[in-house]
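Work through the exercises below with the sequence and the 3D structure at hand. Each task is followed by a worked solution.

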Amino acid sequence: MRRPDHLPDFTDPPLDEVVLGVQFAPVPGYASVHSMKVWDLFRADFPLVQELPALEPQFETFGGVSAQTGPRIQIGAFPVGSRLWFLSDDENHLIQFQPDRFLTNWRREPNTRPYPRFEGLAETFDASIRKLGVHFESDFSYRMDINQAEVAYINIIPVASFSDAGTWFELWNGGTFEVEALNTSFNEVIRGADGKPFARLSHQIQSVLTADGKQRAFRLSLTFKGKPAGTGIDAAMEFLAAGRDAIVTRFGEITTKEAQRKWGKVE
Amino acid sequence: MAVQPYDEAEIGDEDKIIRRVPVHHLVWDENGGQRRRRISSALYAKSTEPQQGMSVEVEALMLKDGVDPAGYVTSDEFPGAVAFSAAEIRALDLMVGYDPIKDDPVLPDNPYHGEVWRKTEARRFTGAQTNGLRDAAKWYVQIEGVELK
Amino acid sequence: MGESRMNAQPDFTTAFQDEIPNYRAITDGISSLSARGTRVRVAHPRSAWVNELEKQFDVLTSLRRGWDGYAGVPVSFTCAQFAANLVERLYVRSLPAPQLVPMPNGTMRLEWHMNEFDIEVDVLGPYDVVAYRSDLLNDSEDEIEIQTDFTELAEWVAALAADRVQLQEVAGG
């Protein structure tokens, strides 16, 4: 996989986390007791494990007046099991697994590591999801039926003051306001070549603080989420690549020239 | 249900084919100027599995066994039942055959169970077939205060 | 994006976001960073329809096998969740919530019967919806298959609130 030439490139971007993920129809017959065999697939590279509450299903639909992408609603018997994190030794990489979701996260912390680039992450994700797919077919006679995919880029931009938003973002023209906190978000509907909506590009800028309140930063999150063209892994990978393209292009559009110089934009 | 779709020759055109009406298939209808309770057309849908159909009971089999059909097909959960003639089903280009339930780990045995199938594999009955079943249906065990359509 | 810098990044949590109503981070859940924060987020408010139907969704996903007198299975969780998503998307304040009807094979249907329309929406699974509308005034029927774009279905639902008798009189019907 080769990085597309048209995408903006930076030597020192403020990237803090990248998430690639798919959602699929729950594996029939899966029970919590099967989670050990799933972990065995990845344990060599991900020897640490944590358990968290499961993520609720999400669906990107369009039309109607509601801009929300889905209510949080507790209904019926959720697919068994919780969400498991399989972590690498350095904890910079993790796999998230539950009976209807699979995600991989790269994060800059806790042990600062160079960003392995999307191509590297996508290759690893592709290999991992295919390994999982083979396991589902052999143990559950289940062919992965993917109904949603998502890619998220989360950036942390340290600032001296939240009033500096205009220095970093083209969207903000706050003039001389003394900004105490900032939270802004908007979604863009993404349409395919046929004109039909199939994904959302969500943008969010939040002011964030360290626990002691002494350091300030903006968190810029860009998430591309929706339904791939097909239900197989190939279609999901194409969707993720398209998402990355949209996110990186948009990052270049909504951040200022001054900010991009600081991040080492490659001209 | 392992039975392949077929049309049972032993089921005569005049034989009554019964379909239970569960409480969850009753809806409110406010059209026509008044609010009334009626059967949802969901009752006349087939399973979306291409080879599966719509469950029914064959009255003749129950009568042959000395079973009271009205009592057999109703309970609190399915308080009513409708019936069609086999001829009415076949006139919609559908088939009706035996499909007894036996030794299911969860469901009670039902030797009188049958299925109504399409002649070709499909996820749904056609609109004409669904409407035709709805129009042909008559109360077998009527639910008080509920209309057929 | 290129090489990352080597300086360590401290843990950040959002500043004062709890005071902002209806706040929900778009990456809540999938980001491992949100797990490190301890602030509680306010959930998206739900529509009156979803609030009203939550219990019924719970009933339908908890039905016993054989609920229909035959081999009926409960509505699948995934199907119900997608249907709830759809209910939220179609919400119109002036209209009653749809009636929820389970299907024997674990799918479900939304139904409205009012204003001389019958609308039946079969939710067969995520992104697999077939909607049917019968217009009793004009004696016409429509059927649409939908994956992600519910615009036309939303227009059907909105028409349930239209003053049809007056429209007909104006049209000379």
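**Exercise 1.** Determine the handedness of the crossing of helix 1 of chain A and helix 2 of chain A, and list the residues that make the contact.

Solution. The crossing of helix 1 of chain A and helix 2 of chain A is right-handed; a crossing is left-handed if the near helix is turned anticlockwise from the far one by less than a right angle, and right-handed if clockwise. The helices and strands named here are DSSP runs (H or I, at least four residues, for helices; E, at least two, for strands), numbered from the N terminus. The model is a predicted one, in which local features need pLDDT of at least 70 and side-chain atom pairs count only at pLDDT 80 or more, while totals for chains, interfaces and linings use all residues. Residues are numbered from 1 along each chain as its sequence is written, and chains are lettered from A and ligands numbered from 1 in the order in which they are written.

Next, the geometry. The axes of helix 1 (residues 35-42) of chain A and helix 2 of chain A come within 10 Å and cross at roughly 145°. Axes are lines fitted to C-alpha atoms, for helices over the stretch in contact, and angles run from 0 to 180 degrees between N-to-C directions.

Then the residues. Helix 1 of chain A contributes Lys37(A), Val38(A), Leu41(A) and Phe42(A), and helix 2 of chain A contributes Ser128(A), Lys131(A), Leu132(A), His135(A) and Asp139(A). Two residues are in contact if their C-beta atoms, placed from the backbone, lie within 7 Å. The contact of helix 1 with helix 2 of chain A divides into four nonpolar, two polar and three charged residues. Here Ala, Val, Leu, Ile, Met, Phe, Trp, Tyr, Cys and Pro count as nonpolar, Asp, Glu, Lys and Arg as charged, and the others, Gly among them, as polar.

**Exercise 2.** At what angle do the axes of helix 2 and helix 4 of chain A cross?

Solution. Helix 2 (residues 117-140) and helix 4 (residues 233-254) of chain A have axes that come within 11 Å and cross at roughly 160°. That makes helix 2 of chain A roughly antiparallel to helix 4 of chain A (angles under 35 degrees count as roughly parallel, over 145 as roughly antiparallel, 65 to 115 as roughly perpendicular and the rest as oblique). The crossing of helix 2 and helix 4 of chain A is right-handed. Among the residues in this contact are Phe118(A) and Ile129(A) of helix 2 of chain A, and Met237(A) and Leu240(A) of helix 4 of chain A. By class, the contact of helix 2 with helix 4 of chain A has seven nonpolar, one polar and three charged residues.

**Exercise 3.** In what order do the six strands of the open sheet in chain B run?

Solution. The order is 6-7-4-1-5-8 in chain B, with antiparallel pairing; two strands pair if DSSP finds at least two bridges between them. The twist averages 40° from one strand to the next. Strand 6 of chain B pairs with strand 7 (residues 113-118) of chain B over five bridges, in the antiparallel sense. Met95(B) stands opposite Trp117(B) in strand 7 of chain B.

**Exercise 4.** Describe the open sheet of three strands in chain B.

Solution. The order is 2-3-9, and the pairing is mixed. Strand 2 and strand 3 (residues 36-39) of chain B are antiparallel, over four bridges. Leu26(B) stands opposite Ile39(B) in strand 3 of chain B.
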